[in-house]
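Reader: Hi! Could you walk me through this one? I'd like to start with the terms.

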Amino acid sequence: MAEMLNVLALILQEAETQPQVDDTWVKVVSGVLALILVAIIIIRRKRKKKTEAEEF
(Lines give C-alpha, C1' and ligand atoms only; values in the text may rest on other atoms or scores of the structure.)
Protein backbone atom coordinates (compact mmCIF):
# COMPACT_ATOMS: atom_id res chain seq x y z
CA MET A 1 0.00 0.00 0.00
CA ALA A 2 2.85 2.40 0.81
CA GLU A 3 4.45 1.69 -2.57
CA MET A 4 1.22 2.60 -4.34
CA LEU A 5 1.10 5.91 -2.49
CA ASN A 6 4.73 6.62 -3.42
CA VAL A 7 4.03 5.85 -7.09
CA LEU A 8 0.91 8.01 -7.01
CA ALA A 9 2.88 10.87 -5.44
CA LEU A 10 5.55 10.60 -8.14
CA ILE A 11 2.92 10.64 -10.89
CA LEU A 12 1.27 13.72 -9.42
CA GLN A 13 4.62 15.51 -9.13
CA GLU A 14 5.40 14.78 -12.78
CA ALA A 15 1.99 16.04 -13.81
CA GLU A 16 2.55 19.32 -11.97
CA THR A 17 5.98 19.96 -13.46
CA GLN A 18 4.93 19.63 -17.11
CA PRO A 19 5.38 22.88 -19.06
CA GLN A 20 2.34 24.90 -20.02
CA VAL A 21 1.20 24.49 -23.60
CA ASP A 22 1.38 27.70 -25.61
CA ASP A 23 -2.13 28.01 -27.03
CA THR A 24 -2.15 31.69 -27.89
CA TRP A 25 -2.46 30.92 -31.61
CA VAL A 26 -5.65 28.96 -30.90
CA LYS A 27 -7.08 31.96 -29.06
CA VAL A 28 -6.11 34.32 -31.88
CA VAL A 29 -7.62 32.11 -34.59
CA SER A 30 -10.84 31.57 -32.65
CA GLY A 31 -11.12 35.31 -32.01
CA VAL A 32 -10.69 36.12 -35.69
CA LEU A 33 -13.26 33.52 -36.67
CA ALA A 34 -15.72 34.92 -34.12
CA LEU A 35 -15.27 38.42 -35.56
CA ILE A 36 -15.84 37.12 -39.09
CA LEU A 37 -19.04 35.37 -38.02
CA VAL A 38 -20.35 38.51 -36.30
CA ALA A 39 -19.56 40.56 -39.41
CA ILE A 40 -21.41 38.08 -41.63
CA ILE A 41 -24.47 38.20 -39.36
CA ILE A 42 -24.51 42.01 -39.33
CA ILE A 43 -24.10 42.25 -43.12
CA ARG A 44 -26.93 39.77 -43.72
CA ARG A 45 -29.28 41.65 -41.39
CA LYS A 46 -28.55 44.94 -43.14
CA ARG A 47 -29.23 43.36 -46.54
CA LYS A 48 -32.46 41.87 -45.25
CA LYS A 49 -33.64 45.26 -43.97
CA LYS A 50 -32.88 46.89 -47.32
CA THR A 51 -34.94 44.32 -49.26
CA GLU A 52 -37.85 44.68 -46.83
CA ALA A 53 -37.76 48.47 -47.18
CA GLU A 54 -37.75 48.24 -50.97
CA GLU A 55 -40.87 46.03 -50.99
CA PHE A 56 -43.02 48.73 -49.40
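Author: Happy to! Buried means under 20% relative accessible area, exposed means over 50%, and partly exposed is in between, with a 1.4 Å probe and protein chains only. This is a predicted model, where local features need pLDDT of at least 70, side-chain atom pairs count only at pLDDT 80 or more, and totals for chains, interfaces and linings use all residues. Residues are numbered from 1 along each chain as its sequence is written, and side-chain values use heavy atoms, leaving out hydrogens and water.

Reader: Great. Is I40 exposed or partly exposed, and why?

Author: I40 counts as partly exposed because its relative accessibility is 41%. I40 lies in helix α2, where a helix is a DSSP run of H or I with at least four residues, numbered from the N terminus.

Reader: Which nonpolar patch is on the surface?

Author: W25, V26, V28, V29, V32, L33, I36, L37 and I40 form it, with about 850 Å² of accessible area together. Nonpolar side chains (Val, Leu, Ile, Met, Phe, Trp, Tyr) are joined within 5 Å, and like charges within 9 Å. Areas come from the Shrake-Rupley method with a 1.4 Å probe.

Reader: Switching to charges: which residues form the positive patch?

Author: R44, R45, K46, R47, K48, K49 and K50 do. Lys and Arg count as positive, with the charge placed at NZ of Lys or CZ of Arg. K48 lies in helix α2, residues 24–55, and K48 counts as exposed because its relative accessibility is 54%.

Reader: And what percentage of the protein is buried?

Author: Buried residues make up 0% of the 56 residues.

Note on methods
Patches are made of residues with over 30% relative accessible area and no salt bridge: like charges are joined within 9 Å, nonpolar side chains (Val, Leu, Ile, Met, Phe, Trp, Tyr) within 5 Å. A salt bridge is a side-chain nitrogen of Lys or Arg within 4 Å of a carboxyl oxygen of Asp or Glu. Helices (H or I, at least four residues) and strands (E, at least two) are DSSP runs, numbered from the N terminus.
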